[in-house]
Amino acid sequence: MRVTVIGTGYVGTVTGACLACLGHRVTCVDTDQAKIEKLRAGESPIYEPGLEELIALAHTSGGIDFQTDLSDPVRESDVIFIAVGTPPLPSGESNLSYLEAAARGIGRSMDSTKFRVVVNKSTVPVGTGNLVQALVREGIAESGAAGEVAFGVASNPEFLREGSAIHDSLYPDRIVLGAEEAPTLELMRALYQPLATQSFEAPVFAPRPASMPPVAVVSTTLTSAEMIKYSANAFLTVKIGFANEIANICERVGADVTEVMLGIGLDTRIGSKFLNAGLGWGGSCFGKDVSSLLHTAGEYGYKAHLLEASLTVNNNQRQVIVQRLQERLGILKGRTIALLGLAFKPNTDDLRDAPSLLIADKLIRMGARIKAFDPVAMDACRIHHASLNIQYCPDALSAVDKADAVVLVTEWPEFGDLDLAQVAAKMAQPVLIDGRNLFNPERARAAGFAYEGIGRPRRRQSGAGR
Ligand SMILES: NC(=O)c1ccc[n+]([C@@H]2O[C@H](COP(=O)([O-])OP(=O)(O)OC[C@H]3O[C@@H](n4cnc5c(N)ncnc54)[C@H](O)[C@@H]3O)[C@@H](O)[C@H]2O)c1
């Protein structure tokens, strides 16, 4: 099929390249000229492992090109994806201005030569499918296109995780398709048939998992598909929030949350994923999506207590790091704090709603000096958060040099391989606040550190077994 993907961010670029690898002919469109030029040169505008290889493969499979103007691609396409950003407004609502501009632009470019499907890939509030339908119609009316312009609107929410986006897109747990009319759903099912049946040739750099089953396709209404995306993210935040709440109780009673979560996660009704206590989740999606769902619930007069609590628990969790530093160091003014990791999670350079930013900002306001090292996110931090007075360091050891405390913020695997005795020896005071429970407390203490994890016994326990 001919496919247009509007928006070449984390979702749009990966979606476009994956669809080309399934055999479709794809054009990716973005208003950001610099991004399009990079993509034309075969470079990824974002840090995402394997993406450049995938784009190269897309050229030789279905074919892919990159443009700033959507008119011709939309006219030629059977399926047009909207994958633009939907960032949060201060009220918690989603900012739909990018999506609205894209939908109108699609309408203006359509003609009566074929039936097309406009797909919401962006995460959008419940009811946005109807809004897109209206905006596309308005665009068609503005253009004065002759004859009957036939189109359907579908919702196809995205569940990829930054850092493993290609694997998640080629080998998903499910494909969710929402639409109101059969022809729209049929076209979407046909588009995804090679993915659903896993009949495409797996790229060598992203091999198919050994026991990969056919992918479940959930066909439903527009509204339910929109709710599925929000509910999935809300559930994940509640799950992490639960682990953090239990962590805070564990600390008080002297239990270890990592062992408690292991013990409950083996229950198949619960499952072991997303039970890692730490300094809280971040990223471009969780906070914005939960806030947007809360806003929708509020519009209908419903107070979603559990969702509110999940945001509260997460915000409190980020403060725990500062409290720990105060407890260990007393005065923070004039102290040097090293941050290991800035990205909101490993394998990405994304800093949107990253806990590191709030922690750094708070510590700087309290008079501390901040040194930091992140394997990939330092450039993004320098550019997008220039007002944060951070001393960026070329490696972890330079960051901890003469520091009064080190905070493990992002669990990049390479930090787990650090020689802790060497790290401790470089510091002015060997204080380690492990915001992700990455390190073994006994080993950290044996290396000379005053170690603090999250939800772990605060001091070396006396007594049997420990
Ligand atoms: N990033 C994720 O992990 C993730 C996962 C699932 C869903 N989502 C959702 O997918 C959507 C996109 O997220 P993202 O992280 O890829 O965003 P992003 O900010 O990385 O990319 C959005 C892109 O859209 C472009 N754009 C904006 N208006 C445009 C227009 N009118 N025409 C063409 N291009 C336009 C921007 O220039 C930008 O390149 C959001 O709704 C997000 O919530 C994101």
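Colleague: How many Å lie between a nitrogen atom of the ligand and an N or O atom in the side chain of E162?

Modeller: This is a predicted model, where local features need pLDDT of at least 70, side-chain atom pairs count only at pLDDT 80 or more, and totals for chains, interfaces and linings use all residues. Residues are numbered from 1 along each chain as its sequence is written, and side-chain values use heavy atoms, with hydrogens and water left out. A polar contact here is a pair of N or O atoms within 3.5 Å. For the ligand's nitrogen and the E162 side chain, the distance is 2.8 Å.

Colleague: What percentage of the ligand's accessible area does the protein cover?

Modeller: Accessible areas come from the Shrake-Rupley method with a 1.4 Å probe. On its own, the ligand has 840 Å² of accessible area. The share of this that the protein covers is 88%.

Colleague: Which residues are closest to the ligand?

Modeller: Let's start with the side chains of D30 and T86: an oxygen atom of the ligand is 2.6 Å from an N or O atom of D30, and an oxygen atom of the ligand is also 2.6 Å from an N or O atom of T86. Of the 25 residues around the ligand, the closest are D30, K35, T86, E162 and K288.

Colleague: Is T27 buried or exposed?

Modeller: T27 sits in strand β2, residues 25–29 (strands are DSSP runs of E, at least two residues; helices are runs of H or I, at least four). Beyond its neighbours within four places in sequence, T27 is in contact (heavy atoms within 4.5 Å) with R2, V3, T4, V5, D65, Q67 and P73. Buried means under 20% relative accessible area, exposed over 50%, and partly exposed in between, with a 1.4 Å probe and protein chains only. T27 has a relative accessible area of 2%, so T27 is buried.

Colleague: Which helix do the buried residues of α10 pack against?

Modeller: Helix α10, residues 257–265, has the buried residues V257, M261 and G265. They share one side of α10 because they cover an arc of only 65° around the axis, taken from the directions from the helix axis to the C-beta atoms. The face turned away carries the exposed residues L262 and G263. The buried residues pack against α9.

Colleague: What is the relative accessible area of A444?

Modeller: A444 belongs to helix α18, residues 441–446. Not counting residues up to four places away in sequence, A444 touches L420, L432, F449 and Y451. A444 is buried, and its relative accessible area is 0%.

How values were computed
A residue is near a molecule or strand if one of its heavy atoms lies within 4 Å of it. A polar contact is a pair of N or O atoms within 3.5 Å; within protein, one must be able to donate a hydrogen and the other to accept it, and residues adjacent in sequence count only if both atoms are side-chain atoms.
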